[in-house]
Amino acid sequence: MNSLLFKKNEFKKLCSLIGFRPNIVREVISNIDNYYYEKVENKKDKKSGEVKKYKDGTIKKRIMHPSVGALKAIQKSIKKNILAPIPLPREIHGGVKKRSNITNAKPHKGNKYIFTTDLQDFYPNISNESVYDTFLSLGFSNHLSHSLTKLTTWKYALPQGTPTSTHISNLVFLKVDYELIQLCNDNNITYTRYVDDLTFSSPTDFKHLLNEILEIIIKHDFKVNYRKTKYKGNQTVTGIDVFLNKIDAPEHIKEKSRLEIENDAAHKPYSIYLDSIHKENKRAAVNR
């Protein structure tokens, strides 16, 4: 089979996998800039729920680039039919079905020493080349990997706010995850990751390993947010308070739940969230 025919067949294969006609997919790829827009939202503190501000009082912003129209529909199909079926280690919780920030925090319950760090500019730092190489490593042909990269990256990077970006970021970061998992398994350390939040914990002091942990992340060209890097005892992990014998919601969640109940609100999202955290504690007690 010659190269041109192989390329055409691979493109048809992709369109068949995601359930879209080739002419629609070609049109989207050719006019990709028309399928993204910029969205700016305020950053909020996970513990207090308050809007984050700089020292001068300016509100901290997060810039998103969601997809729209046919591209968003195509990305949803790529997520469902190509990305979601790829198994991920149990340590990965963000963007994984039946896992959440709650399941991410739970494994650290009862550990005295906790180390948390945050990846700076996580999505923008993932280049289209990294995404392409990741698809190749998963066994996709160069032509199929090229098309998938075109449909999931924008302006040479992974955009934040699309249906596929969290799944792809998990796959790109896997090489780092596996090194961290190996180090942690060798040193009795519990490791979990929720998108760009990394958490390590142990019943024994592992301060001597912190530089090694950070070096693994940095050598793969990811940036560490040192301002959000902390090593101490009980603390908040992905918005969940972690204690010796339980996990719990921060006070602002509890207060909003109380208000929902007192006002007999028709919808009680905070109460449902609080209940789901408490259910994890009950489940753990039953399994002991």
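Trainee: Which residue in E8 is the bridge partner of valine 237?

Mentor: The partner of valine 237 in E8 is isoleucine 240. Please bear in mind that this is a predicted model.

Trainee: How many bridges join E7 to E8, and how do the two strands run?

Mentor: E7 and strand E8, which covers residues 240–242, are joined by 2 bridges and run antiparallel.

Trainee: What is the order of the strands in that sheet?

Mentor: The sheet is open and consists of 3 strands in the order E7-E8-E9, with antiparallel pairing. Strand E7 (236–237) and strand E9 (247–248) stand at the edges; each has a single partner strand, so one side of each is left without a neighbour in the sheet.

Trainee: Staying with E9, is aspartate 248 buried or exposed?

Mentor: Aspartate 248, which is found in strand E9, is buried, because its relative accessible area is 7%, and the cut-off for buried is under 20%.

Trainee: How far is the C-alpha atom of aspartate 248 from that of glutamate 280?

Mentor: Those two C-alpha atoms are separated by 9.6 Å, while aspartate 248 and glutamate 280 are 32 residues apart along the chain.

Trainee: Changing topic to the helices: where does threonine 134 lie?

Mentor: Threonine 134 lies in helix H5, which spans residues 128–137.

Trainee: Why does threonine 134 count as buried?

Mentor: Threonine 134 counts as buried because its relative accessibility is 10%, and buried means under 20%.

Trainee: Which residues is threonine 134 in contact with, leaving aside its neighbours within four places in sequence?

Mentor: With those neighbours left aside, threonine 134 is in contact with Leu171 and Val172.

Trainee: What does leucine 136 touch, not counting residues up to four places away in sequence?

Mentor: On that basis leucine 136 touches Ser141, Asn142 and Ser145. The C-alpha atom of leucine 136 is separated by 9.0 Å from that of histidine 146, which is 10 residues apart from leucine 136 along the chain.

Trainee: One last topic, the loops. What is phi of lysine 98?

Mentor: Phi of lysine 98 is near 70°, a positive value in a residue other than glycine. Lysine 98 is found in the loop between helix H3 (69–83) and helix H4 (101–105), and this residue is exposed, with a relative accessible area of 78%.

Trainee: Where is asparagine 188 found?

Mentor: Asparagine 188 is found in the loop between helix H7 (165–186) and strand E4 (190–194). Although asparagine 188 is not a glycine, its phi is positive, at about 55°. Asparagine 188 counts as exposed at 52% relative accessibility, since the cut-off for exposed is over 50%.

Note on methods
Residues are numbered from 1 along each chain as its sequence is written. This is a predicted model: local features need pLDDT of at least 70, side-chain atom pairs count only at pLDDT 80 or more; totals for chains, interfaces and linings use all residues. Side-chain values use heavy atoms; hydrogens and water are left out. Helices (H or I, at least four residues) and strands (E, at least two) are DSSP runs, numbered from the N terminus. Buried means under 20% relative accessible area, exposed over 50%, partly exposed in between (1.4 Å probe, protein chains only). Contact means heavy atoms within 4.5 Å. Two strands pair if DSSP finds at least two bridges between them.
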